[in-house]
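My notes follow in the order in which I looked.

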Amino acid sequence: MSQAELTREVARRVFASEFNDSTYTFKESDDERAPNYALLPTGDRANRVFVTGTLTETEDVGDESEYWRGRVVDPTGTFFVYAGQYQPEAAAVLRDTEPPAYVSIVGKPRTYETDDGTVNVSLRPESIAVVDDATRDRWVVETAERTLDRIEAFEAWEAEQEAPESGSTAPTNEYAEMARERYDSPVVNYRNDVIQALEQLEDVEEPDDAEATV
Amino acid sequence: MSDVRQHADDIHEQFSDHLDVDVEDVEERLTTLVDEYKVPMDEARRSVTNHYLEEAGLDREDISSGDSEAANVEDVDEPEEWIDLTAKVIELWDPRSDSVAQVGLLGDPTGTIKFTKWAKSDLPALEEGGVYELRNVVTDEYQGRYSVKLNSTTVIEELDEDLEVGNDTSEVEGALVDMQSGSGLIKRCPEEGCTRVLQNGRCNEHGEGEGEFDLRIKAVVDDGIDAHEVIFDKDATENLTGLSLEEAKEMAMDALDTTIVADEIREDIVGTYYRIEGPTFGRYVLADDVEELDGPIDGEELLIKARSM
């Protein structure tokens, strides 16, 4: 049974580099069933994400029962995907899919602290689907767009902070503020990742264009 | 009508509520600038408009920009056009960003279009079901979809009338991220006028019954900003999956299990991008027109934007 979620959490579009930096998690209320959010460094909250990339490696890292780990690579980094007995369908896809393959994943960010105190972010899949390169390219462009939108909103807020004399029109941006408090990494890094991701897409497309004109 | 006269009329109209001024007076000022001083028309217009603004003690924002034109929703086919719309607020959505004061769907007799109202524009709130004259809104485009943005120069006037909305269709474009329970091969109550879906062979209203097989999909299509619930009826499901009701029944018969149909469909559609058009019923969009977005996509425009940020 799917509980009638009154407002279903949106699946954010986020590149691996930013996802893996989203180490701070929080709830919006004290209710124990309140959703958990990862704080995106570009200033938004994510309870769910939709990602696409190349599944490059799968491994059963479980002891008694199966626990599958998949590495899913996008132009900016690697998503670490873990699926066990409570995600049987996703675990089955990781077990049965022969890497490399393009996959798209709907899932939830999870954090865990290692012995040396570093916080790692992983992805717990709700579903994994094997997709084609067109879907992967579309995701890259879409994620670039959504990321730039977040960066723009972040920078607009930042500009207002730095020019308080124009105070009254300052757009509030709760999650940008939270991100600046919690993270050191400047948002320009993520803009550079967007550029890198889009450039990679262009590079791949060019030989196709050349072929078409022959 | 001469060109100058047309511009003079436009300007005159903008100030008719604020100033007692003859259109001849406006025309004369324009003519002087254009003919004698060889000023280009748009510069002349600007200058004359400013003159009257000063005379009336107004800001540019207080009058509707002469550049905007009355338009219908269906006419919107270019970004960055300044237009005036008379439209009804069909639906307000939750803004996903604090920089947005209101976001939702506007409709007029020719169709529906998304609107965004920025927080910093400091405009009065629009109400769901209200009909408004919106002067000086600017059109925007994203991947072939159009929207209008209300801005600080927009003039909002509530109208005391109802407006028939031509086509209550929604357009959703995004990834299909989930298929919900109650999808696939289902059984409906055979009682006349009852189309309830049987749960474990029972209708909530009419009790145990044989039931009639049907196909449908309840899915969530998500664009990273909103999650939309979309329903595919039998025809839409058959078109989407290529699986007919008869084939689905056979499949279930062979497996002695109806859930195999849903599993098969899920594997086929989850994780795929679609553009879906259809009427809205409450929070659901009924999928009338479905297109799988599997063509190439161009990121160049975005790349230029990213580099210039």
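I began with helix H2 (residues 23-36) of chain B and helix H3 (residues 41-56) of chain B, which pack at an angle of about 135 degrees with their axes 9 Å apart. H2(B) is therefore oblique to H3(B), since angles under 35 degrees count as roughly parallel, over 145 as roughly antiparallel, 65 to 115 as roughly perpendicular and the rest as oblique. Helices (H or I, at least four residues) and strands (E, at least two) are DSSP runs numbered from the N terminus, and angles run from 0 to 180 degrees between N-to-C directions, with axes fitted to C-alpha atoms, for helices over the stretch in contact.

I noted that this is a predicted model, in which local features need pLDDT of at least 70 and side-chain atom pairs 80 or more, while totals for chains, interfaces and linings use all residues. Residues are numbered from 1 along each chain as written, and chains are lettered from A and ligands numbered from 1 in the order written.

Next I listed the residues of H2(B) that make the contact (C-beta atoms, placed from the backbone, within 7 Å): B:Val26, B:Arg29, B:Leu30, B:Leu33 and B:Val34. On H3(B) I found B:Met41, B:Ala44, B:Ser47, B:Val48 and B:His51.

I then turned to helix H1 (residues 3-15) of chain B, which packs with H3(B) at about 25 degrees, axes 11 Å apart, so the two are roughly parallel. Here B:His7, B:Ile11 and B:Phe15 of H1(B) meet residues of H3(B) including B:Met41 and B:Val48.

Lastly, I recorded that 33 residues of chain B are in contact with 39 residues of chain A, and that H7(B) gives the largest share of chain B's side, 6 residues.

Terms used:
Contact = placed C-beta atoms within 7 Å.
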